[in-house]
Amino acid sequence: MTASSDDTRSASRSDRRKPAELKGNATTASSDDTRSAPRSDRRKPPRASHYTIAPATLGMTRQALVDRLNRLGDVEILRTYAERDTISPPIAVVRVSDENAAALRRSTAGAFVIEPDRYLRAASFAGTSPPFHAMAAAAMSARGPGFTVTIRAASESGEPVEHAEVRLLGEQAAAKGLTGNDGRVDLTLHGELPETVAELFVNARSGYRGLWRHRPDLQADAVNTFTLERLSLPDTLDWGGIAMRFDQLPTECRGAGIKIALIDSGVATSHKQLTSIDHGIDIRGGEERSWSQDFMSHGTPCAGLIGAVPDSAHGIRGYGPDSELHVCKLPPDARCSDLVAALDYCLQAGIDVACLGFGCERGSAIVEQRIAAAKQQGVGIIAAAGNSAGTVLFPACSPHVMAVGAIGQTGSYPEDGPQAFQAAAAAEVAGGLFVPLFSCRGPELDLCAPGVAVVACQSPDGYAICDGTSLAAAHVTALAVLILAHHSDFKGGFAGRDFQRVERLFQILKDTAQPVGHPWQTGAGLPDAARTLGVWSRRRLLAAPLDAGLGEMRSAIRQMNHIHFGAGEANAFEPPPNAFEPPRGPANVTHLPLNPTPLAFQADSGAKAGVHELKAAMTMAGLSDGR
């Protein structure tokens, strides 16, 4: 079933997010002062919003739901989704006033679940700094005179760098913008002077390293030129692949026979390492193969980490290149209900693992039910924890989904790069690894993975240094693909497509991970590809499992309750009371001994297991206490 398109052009103006004040190609945060509006302008029609509606119990058909809503009146049906056999009810996405939605909720007396259809946010960015968002929130109240400054991004040869994102952080205000064809952008900061600008960030879309300047020397009456260094690609695996020990796996481990769905902004199949991707869908029913374009430049890096074909000229490659990647393209104004269409596609296409790089602050009982239905059919969902520095986003916080946070590694970036700014504000957890401030955290977190200074494919046919928890989720998804393809458990007792298969996969990922810090910041730790597949190699020693006392736990709770980088959003770990708020928690897993010989084929590695490796295998199998 294909969802009907949602023509948001007809949505009421008040239903859309109010854009920031625009100045050329620059964006400056400003407040919405309605006190001076004429009295006639204040009398506006009731605000229409997007809602999702579903029967609270099974048994109703999609047509019956449509007929019921049509009889109510004042409800505009935007699209519907059919019931899934006996596991989930039909769903309608509607536009209705908040008052009518409340009245409908009262009149149906619990017979229907009626929820706001919230916007989703992407969980990666190219070298930007999360504190910018907090400063932008503070700038909403910035007033008074300011100044305008011209920033020019140039290559080492002096050529202009277009479409580079420039961000300025002042003591009271913040501004950002994109450079034009001449490499220039004009930014205005209210209530600031050139001397009060604290940070400058310049990030090219691709092909260059990012730049960070603390207390930059800016001139308001001149063109301020900053030179970007060209990005050189590594000859070997990126630091993330080595940290997760993908480099220790046999060459036969390529993920053949496994289907992945990347639920994201699309994938640029024009990239020379991604041309083999030929399965996809536009969730809102766009033009044919519109999923093969990625204007947001968000899904392409994730696709590259999973399935990019190796290139002999450099070390950038996907970790499951023989897997079958399906693209589920979300629209720029993606909402929670769009996940329903994506999950329905996963069920129809026989997807094994879905990687999700979007999320929202509040949960959805309707989407949660669809997630549970997908899990019942053997679809494992791995999601980015989020980049708002607050609580783990939905659906990553669901106990049916594996939530992945980001880590970085000291020295994997230049000292004047934006990632250096992130590292300076973060605490080291183990072995040179650190948790960036932007990574969402809490008891729902399952794992952490590389998500800072990751060199990856970028739209349309380049490479970029990217940050974000969606990159971390893609790393874990790639490992999940290899486990499903090559782990002997999924050739035998867990071969069936059901929830036990998913929970066994999640158990293997978590039980073989290397602990690297507090569980609320890093979950069970950093996944270990070699250990998951039983490849004998010297294990990278990072840190022993954290034995936190009561005082340390209280300190961690206080610290996480006082994070102010979420752009003014609530950061308490407990969500506000809501009758339909789905449960939160780490992913459910099986609790069975691990297989001491997991690899489904005999690897030609020439290595033999020693005494220490045999003891490790016995511990993994539950036959030893590890001493």
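**View 1. Contacts across the whole chain.** Residues 24 or more positions apart account for 76% of the contacts (heavy atoms within 4.5 Å) with a separation of 6 or more. The model is predicted: local features need pLDDT of at least 70, side-chain atom pairs count only at pLDDT 80 or more, and totals for chains, interfaces and linings use all residues. Residues are numbered from 1 along each chain as its sequence is written, and side-chain values use heavy atoms, without hydrogens and water. The chain has 627 residues, and 56% of them count as buried. Buried means under 20% relative accessible area, exposed over 50%, and partly exposed in between (1.4 Å probe, protein chains only). The chain holds 15 helices and 26 strands. These are DSSP runs, numbered from the N terminus: helices are H or I with at least four residues, strands are E with at least two.

**View 2. The largest nonpolar core.** This core has 91 residues. A nonpolar core is a set of buried Ala, Val, Leu, Ile, Met, Phe, Trp, Tyr and Cys residues joined through side-chain atoms within 4.5 Å. Phe246, Ile382, Leu505 and Leu509 touch the most other members. Helix H10 (residues 469-486) gives the most to this core, with 13 residues. A second, separate core has 45 residues, including Ile91, Ala261, Ile351 and Leu393.

**View 3. Around Ile382.** Which residues does Ile382 touch, not counting residues up to four places away in sequence? Among them are Val353, Leu356, Met402, Ala473, Val476 and Phe506.

**View 4. Helix H6 beside helix H10.** The axes of H6 (residues 299-307) and H10 come within 8 Å and cross at roughly 20 degrees. Axes are lines fitted to C-alpha atoms, for helices over the stretch in contact, and angles run from 0 to 180 degrees between N-to-C directions. Angles under 35 degrees count as roughly parallel, so H6 and H10 are roughly parallel to each other. Pro301, Cys302, Leu305 and Ile306 in H6 meet residues of H10, including Leu471, Ala474 and His475.

**View 5. Thr52 in strand S3.** Thr52 lies in S3 (residues 48-55). Thr52 is buried, with a relative accessible area of 4%. Leaving aside neighbours within four places in sequence, Thr52 is in contact with residues including Ala92, Val113, Glu115 and Ile366.

**View 6. Ser312 in a loop.** Ser312 is found between H6 and strand S17 (324-329). Ser312 is exposed, with a relative accessible area of 82%.

Note on methods
Parallel < 35°, antiparallel > 145°, perpendicular 65-115°, else oblique.
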